[in-house]
Amino acid sequence: MSSVAEKLAGKSNRKPPAKQVRLRLVYIDFWSAVKLSFLVAVCLAVVNIVASFLIFTIVQSTGLFENLNSLVQDVAGTGTDLRSILSIGNVMGFAVVSSLLNLVVTTALGAVVAVLYNLSVKITGGILVGFTNN
């Protein structure tokens, strides 16, 4: 039969000390890196398109385009009109095209980084990472 002290010690709210584990990262899965870099690139593309629209709207509502257009007409002559070049369609089209190019480049860079890391592990032995169990 156990004593009262042993029963109370078993019901203690104290947590055991956290166990620390040191692990070495020696491999990054190629397809996981490609998928993750693709998702990051999609997020960046959405941010780029939304930011382009918001900046265009703010610049247009402040009248900066009209001032810039009158300045260009004074310098270059009356034949130039920036409003036709800097329309919402052209600006958003450029934002979409640049976002798609950024998507391809970011995905490719994620794949290249994974391959380069996997090759460098053969020389360096990998990254030592510490974990704890809370």
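How many helices and how many strands does the secondary structure of this protein chain come to? The answer is five helices and two strands. Starting at the N terminus, these elements follow one another as α-β-α-α-α-α-β. Please keep in mind as you look around that the model is predicted.

## The chain as a whole

The protein chain has 134 residues, and buried residues account for 19% of them. Its accessible surface amounts to about 10400 Å², and carbon and sulfur atoms hold 70% of that area. If you take the contacts between residues at least 6 apart in sequence, 80% of them link residues at least 24 apart.

## The helices by their spans

| Helix | Number of residues | First to last C-alpha | Expected span |
|---|---|---|---|
| α2 (residues 30-62) | 33 residues | 47 Å | 48 Å |
| α5 (residues 88-124) | 37 residues | 51 Å | 54 Å |

The reach of α2 is close to its expected value, and so is that of α5.

What comes after these helices is also worth a look. Just after α2 sits glycine 63, with a positive phi of about 85°. Glycine 77 follows α3, and its phi is positive too, near 120°. After α5 comes glycine 125, where phi is positive and near 90°.

## Annotated spans

The unreviewed UniProt entry carries the annotation "transmembrane region" for residues 36-59 and 91-117. In the model, residues 36-59 are 100% helix and 0% strand, with 34 Å between the end C-alpha atoms. Residues 91-117 are likewise 100% helix and 0% strand, and their end C-alpha atoms are 38 Å apart.

Let us now turn to α2 in detail. Its buried residues are Ala33, Val34, Ser37, Ala41, Ala45, Ser52, Phe56 and Val59. Among the elements that cover these buried residues are α3 and α5. An α-helix has 3.6 residues a turn, so residues three or four places apart point the same way.

Which residues form the nonpolar patch on the surface? They are Phe38, Leu39, Val42, Val46, Val50, Phe53, Leu54 and Ile88, and together they have about 680 Å² of accessible area. Helix α2 is the main contributor to this patch, giving seven residues.

Phenylalanine 53 is one of the patch residues, and it lies in helix α2. Its relative accessible area is 40%, so phenylalanine 53 counts as partly exposed.

Alanine 95 belongs to helix α5. Is alanine 95 buried or exposed? Alanine 95 is buried, because its relative accessible area is 1% and the cut-off for buried is under 20%. Leaving aside residues up to four places away in sequence, alanine 95 touches Asn48, Ile49 and Ser52. Ser52 is itself one of the buried residues of α2. Along the chain, alanine 95 and alanine 45 are 50 residues apart, while their C-alpha atoms are separated by 8.6 Å.

Valine 96 is in helix α5 as well. With a relative accessible area of 37%, valine 96 is partly exposed. Valine 96 and valine 46 are also 50 residues apart along the chain, and 9.1 Å separates their C-alpha atoms. Valine 46 is a member of the nonpolar patch.

## Strand β1 and the end of the chain

Finally, look at glutamine 20, which has its place in strand β1 (residues 19-25). Glutamine 20 is exposed, because its relative accessible area is 67% and exposed means over 50%. Its contacts, not counting residues up to four places away in sequence, are with Phe131 and Thr132. Between the C-alpha atoms of glutamine 20 and asparagine 134 there are 9.3 Å, although the two residues are 114 residues apart along the chain.

Terms used
Residues are numbered from 1 along each chain as its sequence is written. This is a predicted model: local features need pLDDT of at least 70, side-chain atom pairs count only at pLDDT 80 or more; totals for chains, interfaces and linings use all residues. Side-chain values use heavy atoms; hydrogens and water are left out. Patches are made of residues with over 30% relative accessible area and no salt bridge: like charges are joined within 9 Å, nonpolar side chains (Val, Leu, Ile, Met, Phe, Trp, Tyr) within 5 Å. Accessible areas come from the Shrake-Rupley method with a 1.4 Å probe; for residues, only the protein chains shown count as cover. A salt bridge is a side-chain nitrogen of Lys or Arg within 4 Å of a carboxyl oxygen of Asp or Glu. Helices (H or I, at least four residues) and strands (E, at least two) are DSSP runs, numbered from the N terminus. Buried means under 20% relative accessible area, exposed over 50%, partly exposed in between (1.4 Å probe, protein chains only). UniProt positions are given in the numbering used here, feature names are shortened, and annotations may be inferred rather than shown by experiment. Contact means heavy atoms within 4.5 Å. The expected span of a helix is 1.5 Å times one less than its number of residues.
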